[in-house]
Amino acid sequence: MGTTVDEKKHYDDHDIATFIARKEFEKRHPEEEQPEWLKKYMLTTGRKTGSKKWTMRKILFYKEQLGPNQYWEKSLKGNPVLVEKDPETGKEFVVLKSGSPENIKVLFEVEVDVSDGTARVCTDIDISALDENEYQIQRG
């Protein structure tokens, strides 16, 4: 009866690796020093590389080449969205699609060992030099 929600949570290795990678990223790039837009655009990915070992990445997707009748517009919340206009009906709609793996910029990559909580940074770029206009929010 006295069990809290937190006591019931079970964290798997992916969750732990994600947490360790996030802490390492924040140690090197404190939130108050990150570009305001970065959190909306950045995606964390991870892959298991061995028993209790993970490679975690913070990535951005470059804006894709626009197709016919496509353009970028700001949503009501100020986020960039890709809009396409149907040439026959004139109706506009938001394009939802995933970016290709070749179309990414790796900001941060870290090898995490969940068994001992260590993290070895492999890639870490200067995020202050990033230009928001080069990237898009990843939609799924």
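Me: In S6, which residue is the bridge partner of Lys53?

Reply: Asp113 is the partner of Lys53 in S6. This is a predicted model, where local features need pLDDT of at least 70, side-chain atom pairs count only at pLDDT 80 or more, and totals for chains, interfaces and linings use all residues. Residues are numbered from 1 along each chain as its sequence is written, and side-chain values use heavy atoms, without hydrogens and water.

Me: Which strands pair with S2?

Reply: Strands are DSSP runs of E, at least two residues, numbered from the N terminus. Two strands pair if DSSP finds at least two bridges between them. S2 and S6 (residues 104-113) pair antiparallel over 9 bridges. S1 (residues 43-50) runs antiparallel to S2, with 7 bridges. S8 (residues 135-136) pairs with S2 over 2 bridges, also antiparallel.

Me: How many residues lie between S1 and S2 in their hairpin?

Reply: There are 2. Lys52, in the turn, has a positive phi of about 65 degrees.

Me: How many residues of S2 are buried?

Reply: Buried means under 20% relative accessible area (1.4 Å probe, protein chains only). In S2, 7 of 10 residues are buried. Lys58 sits in this strand, residues 53-62, and is buried too.

Me: What is the nearest side chain of opposite charge to Lys58?

Reply: Lys and Arg count as positive, Asp and Glu as negative; His and the chain ends are not counted. A salt bridge puts a side-chain nitrogen of Lys or Arg within 4 Å of a carboxyl oxygen of Asp or Glu. For Lys58, the nearest such side chain is Glu26, 6.6 Å away, and Lys58 has no salt bridge.

Note on methods. Helices (H or I, at least four residues) and strands (E, at least two) are DSSP runs, numbered from the N terminus. Buried means under 20% relative accessible area, exposed over 50%, partly exposed in between (1.4 Å probe, protein chains only).
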